[in-house]
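This report looks at a handful of local features in one protein chain. Please keep the sequence and the model open while reading.

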Amino acid sequence: MPPNMIFYFSGTGNTRWAAKELAERTGEKLLFIPDEMKDACVYELQEGERLGFCFPTHGWQPPRIVREFISRATFNVKNNTFIFALTTCGDNIGRAMELLNKDLGKKGLRASSVYSLIMPESYVCLPFMYTDTPEREREKITQAKRDIHIIAEEIANRREGITRTTRGATPWTFTHVIGAYFNARMISDEKFTVDTEACIHCGMCERVCPTGDITIKEGLPHWHHTNKCTCCLSCYHHCPKHAINYGSITRKRGQYYFKEEKRKEE
């Protein structure tokens, strides 16, 4: 197993971008959590290595798939292993990092430095949540590019004891009341539908689903209903014809996914 590991999960690409930026600047090996969960999930770290976790905030908590991965995994670490975590969010994360460290604590681990990185909003399934305006998207991404440089430098230098997170005004309520209800009752693929007249049968939804929860049958997406869905909305946001919706609430909502920039050749 390669040294200096970052385990990450991403749906619409915000966290994938952040994790890749960290990996390129610090030398970490990127490991995609859904892929890792197909195997034994046993990891050995040597003296002086780093261990990182990157994930989006789902309902002011770490995503269920991330928490399940940590519960299943075995991490054999040394006393001087530097552990860090970064979560992306639209505005604030509540007490998501406290929950992460509670899960890690059951494995005898703790993320000593934790970060939140504000990125464009992608969750649109609640009445008060919308995608950002194009201008606000650009502002957030521009600032995130500045912030990720600072975070990467601190991680590379093993700066411990850093808590740079945006928790919001009532973090306990958001995480343990609203977030608890959200993650217990609203993480499901049951409400996804496809407009058969608008669908162009491109298969994009199947390709971008990070957990393999969609199969194309007779040209149309079918969700598996096997508890694999994380409600990341990747299928919804990537659909080129806005043919996928979550109930009726998203029919007039915007779409967003992080568009990777092509790097110029040196």
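## Ser113 and its surroundings

A polar atom of the S113 side chain lies 3.3 Å from the backbone nitrogen of G161, and the S113 side chain also reaches the backbone oxygen of R159 at 2.5 Å. A polar contact here is a pair of N or O atoms within 3.5 Å, in which, within protein, one must be able to donate a hydrogen and the other to accept it, and residues adjacent in sequence count only if both atoms are side-chain atoms. The model is predicted, so local features need pLDDT of at least 70 and side-chain atom pairs count only at pLDDT 80 or more, while totals for chains, interfaces and linings use all residues. Residues are numbered from 1 along each chain as its sequence is written, and side-chain values use heavy atoms, with hydrogens and water left out.

S113 belongs to strand 7; helices (H or I, at least four residues) and strands (E, at least two) are DSSP runs, numbered from the N terminus. At 0% relative accessibility S113 counts as buried, where buried means under 20% relative accessible area, exposed over 50% and partly exposed in between (1.4 Å probe, protein chains only). Leaving aside neighbours within four places in sequence, the residues in contact with S113 (heavy atoms within 4.5 Å) include F82, F84, E160 and I162.

## Helix 5

Helix 5 covers residues 134–156, and its 23 residues reach 33 Å from the first C-alpha to the last, close to the 33 Å expected at 1.5 Å a residue; the expected span is 1.5 Å times one less than the number of residues. Among the buried residues of helix 5 are I141, A144, I148 and I151, and what covers the buried residues includes helix 1 (14–26), strand 4 (50–56) and strand 7 (113–118). Just after helix 5, R158 takes a positive phi of about 55°.

## Positive phi in two loops

Most residues other than glycine have a negative phi. H201, in the loop between strand 9 (192–194) and helix 7 (204–208), has a positive phi near 60°, and at 48% relative accessibility H201 counts as partly exposed. N227, in the loop between strand 11 (220–223) and helix 8 (234–238), has a positive phi of about 70°, and at 56% relative accessibility N227 counts as exposed.

## A charge over a ring

The charged end of R253 sits over the ring of Y130, 4.0 Å from its centre; this requires NZ of Lys or CZ of Arg within 6 Å of the ring centre and within 35 degrees of the ring normal.
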